[in-house]
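Please keep the sequence and the structure in view while reading.

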Amino acid sequence: MEALQKMLDSIEYIERNLDNDLFIEDIAAIAYMSKFHFQRMFNMITGYTVSEYIRNRRITLATQELVNSRSKVIDVAMKYGYESPESFTKAFRKIHGISPSEAKKNSQSLKAYPKLSFQIQLKGDVEMDYKIVEKDVFTVVGKSIRTTTIDGENNRKIAAFWDESNQNGFTGELARNCGSLGLIGICMDFDKKQENLTYLIGAEKNIEQTPFEWEERQIPSATWVVFPVYGAMPDAMPKVWERIFSEWFPSTGYEHTGGPEMEIYLSDADPSSKDYYSEIWIPIKKK
């Protein structure tokens with residue numbers, strides 16, 4: 001559970017410094033992680049990017065101070081890191097739908113984002129099925145994009161990439177020529193310093209001649225932990241990812257190797273079906 005305890009320590013650090021300058025490098029250092037891994041793990045576990053969480057908590061504390069004291073808007077704005085009363089008012093109105101001055105008169109309809117908290121121990125109420133698979137190096141074909149992980153940009157770009165690939169017929173053509181694993185979404189080529197990665201929509205190579213506009217990539221030999229995912233896309237997949245990082249890794253003697261991660265779409269059923277089946281594959285090694 002050490003990783004989760006460090007994550008809690010980082011959240012406490014954020015909370016203590018919401019009215020000071022906060023830098024992700026410093027927050028990640030509290031958790032003994034690189035910026036890249038900290039931001040990915042934070043987002044997997046909480047559903048927020050680090051920046052989103054900080055913004056939400058600052059506007060929450062600023063709102064409370066504004067409506068419960070005689071503080072001026074400009075003073076509250078400066079205290080919580082806004083460059084001007086105008087930028088604070090814009091952020092305030094986006095969250096609450098009213099201006100700060102209106103909120104001081106009527107605070108009944110304001111929103112609040114509470115401090116994050118989670119249990120360090122496993123609840124044990126729902127088992128996590130998984131299997132360990134040894135797989136030799138294999139070749140995939142497909143198309144890829146390069147995207148940053150900053151502020152969750154990768155999630156938005158990957159979703160748009162799937163939508164485009166489904167609409168232009170690429171995934172349909174890929175499915176007709178794929179191997180036994182079916183369609184695969186692969187995160188690879190992680191650049192921790194630049195905080196970006198490559199995402200490839202592909203399949204095991206099952207054709208002799210790769211189309212000109214497609215690319216070939218090798219997935220190295222690895223020991224994989226494989227988690228089944230049951231439920232409609234896209235909601236089912238993030239829930240399992242969250243449990244992997246918050247429950248499975250902290251409670252086992254394994255760690256991520258840093259290699260490619262794969263989401264496997266095996267079923268020919270409707271992805272929006274509650275019975276849809278898919279898998280998550282993560283390369284692992286003993287600690």
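## The largest pocket

In this predicted model, 42 residues line the largest pocket, and those nearest its centre are Trp 162, Tyr 199, Met 237, Glu 263 and Tyr 265. Six elements are named as giving two or more residues each to this lining: the helices α3 (35-46), α8 (153-167) and α10 (236-251), together with the strands β3 (183-191), β4 (196-204) and β8 (261-265). The largest share, 7 residues, is supplied by α8.

The space within the largest pocket amounts to about 1200 Å³. By residue class, its lining consists of 22 nonpolar, 13 polar and 7 charged residues.

## Helix α8

The helix that contributes the largest share of the lining, α8, is 15 residues in length and extends 21 Å between its first and last C-alpha, close to the 21 Å expected at 1.5 Å a residue. Which residues of α8 are buried? They are Asn 154, Ile 158, Phe 161, Trp 162 and Ser 165. Viewed down the axis of α8, these buried residues fall within an arc of 100°, and therefore they line one face of the helix.

The buried residues of α8 pack against β2 (138-148), α9 (170-176), β3, β4 and β8. Just after α8 comes Gly 169, with a positive phi of about 90°.

## Helix α3

Because 10 of its 12 residues are buried, α3 is largely enclosed by the rest of the structure.

The buried residues of α3 are Phe 36, Phe 38, Gln 39, Arg 40, Met 41, Phe 42, Asn 43, Met 44, Ile 45 and Thr 46. Gly 47 follows α3 and has a positive phi, near 85°.

## The chain as a whole

The chain comprises 10 helices and 9 strands. Its C-alpha trace spans about 75 × 45 × 35 Å along the principal axes.

Of the 287 residues in the chain, 44% are buried. Among contacts with a separation of 6 or more, 71% are between residues 24 or more positions apart.

Methods. Residues numbered from 1 in each chain as written. Predicted model: local features only at pLDDT ≥ 70, side-chain atom pairs only at ≥ 80, totals over all residues. Heavy atoms only, no water. 1 Å grid on protein atoms, 1.4 Å probe; cavity = no way out; pocket = protein on both sides within 12 Å on 5 of 7 lines; lining within 4 Å. Points joined across faces, edges and corners; volume = space filled by probe spheres on them. Helix = DSSP H or I, 4+ residues; strand = E, 2+ residues; numbered from the N terminus. Nonpolar A, V, L, I, M, F, W, Y, C, P; charged D, E, K, R; others polar. Expected span 1.5 Å × (residues − 1). Buried < 20%, exposed > 50% of the residue type's maximum accessible area, 1.4 Å probe, protein only. Arc of directions from axis to C-beta. Contact = heavy atoms within 4.5 Å.
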